[in-house]
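Trainee: Could you pick a single part of this model and take a close look at it with me? I would like to see how it is tied to its surroundings.

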Amino acid sequence: MKNYHSLRNNREFQMVYNEGNSKANRYLVLYYRKNDLEYNRLGISVSKKVGNSVVRHRTTRLIRESYRLNQDNLKTGYDMVVIARQTAKGQNYHTIESEFLHLIDLHHLKKS
């Protein structure tokens, strides 16, 4: 069962890229932009450079799970795009989650 909202089309991703702010760390890049909604929307991008489809889908699932378990601690009303870097290939869940939370802290998107 899906319990988060996602960015659906290229136009929505491009708006976040062009109008949003970004920070990066070793494994992930996070773009965010304020939206006029009462909830967050998440987009995940994992390039073919990261690996084959099995590796890309696993990385996507790890990022999605990190977001799902921490979404109650995030401020609402933002569009977020998480991009996996090549170094994210083969990392475990705890590493991806800690890097995701690090980016959330850098952007001050965590609830007080």
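Mentor: Read along the sequence, the protein chain follows the pattern β-α-β-β-β-α-β-α, where helices (H or I, at least four residues) and strands (E, at least two) are DSSP runs numbered from the N terminus. Before we zoom in, please keep in mind that this is a predicted model, in which local features need pLDDT of at least 70, side-chain atom pairs count only at pLDDT 80 or more, and totals for chains, interfaces and linings use all residues. Residues are numbered from 1 along each chain as its sequence is written, and side-chain values use heavy atoms, leaving out hydrogens and water.

Let's take β5, and start with the sheet that holds it. The five strands form an open sheet in the order β1-β4-β5-β3-β2, with mixed pairing; two strands count as paired if DSSP finds at least two bridges between them. The edges belong to β1 (5-6) and β2 (21-24), each with a single partner strand, so one side of each has no neighbour in the sheet.

Now to the partners of β5. Strand β3 (residues 28-34) and β5 (residues 78-84) run antiparallel and are joined by seven bridges. Along this pairing, K34 lies opposite Y78 of β5, and R33 has D79 as its bridge partner there.

Helix α1 (residues 10-19) touches β2, β3, β4 (41-46) and β5, and its direction makes about 95 degrees with that of β3. Helix α3 (residues 93-106) touches β2, β3 and β5, at about 40 degrees to the direction of β3. Here contact means heavy atoms within 4.5 Å, while axes are lines fitted to C-alpha atoms, for helices over the stretch in contact, with angles from 0 to 180 degrees between N-to-C directions.

The other pairing is with β4, which runs parallel to β5 over six bridges; in it, G43 is bridged to V81 of β5. Together with helix α2 (residues 53-70), β4 and β5 make a left-handed β-α-β unit. For reference, a crossover is right-handed if, with the strands pointing away from the viewer, the path from the first strand over the helix to the second runs clockwise.

How enclosed is β5, then? Six of its seven residues are buried, so the strand is largely enclosed by the rest of the structure. Buried means under 20% relative accessible area, exposed over 50%, and partly exposed in between (1.4 Å probe, protein chains only).
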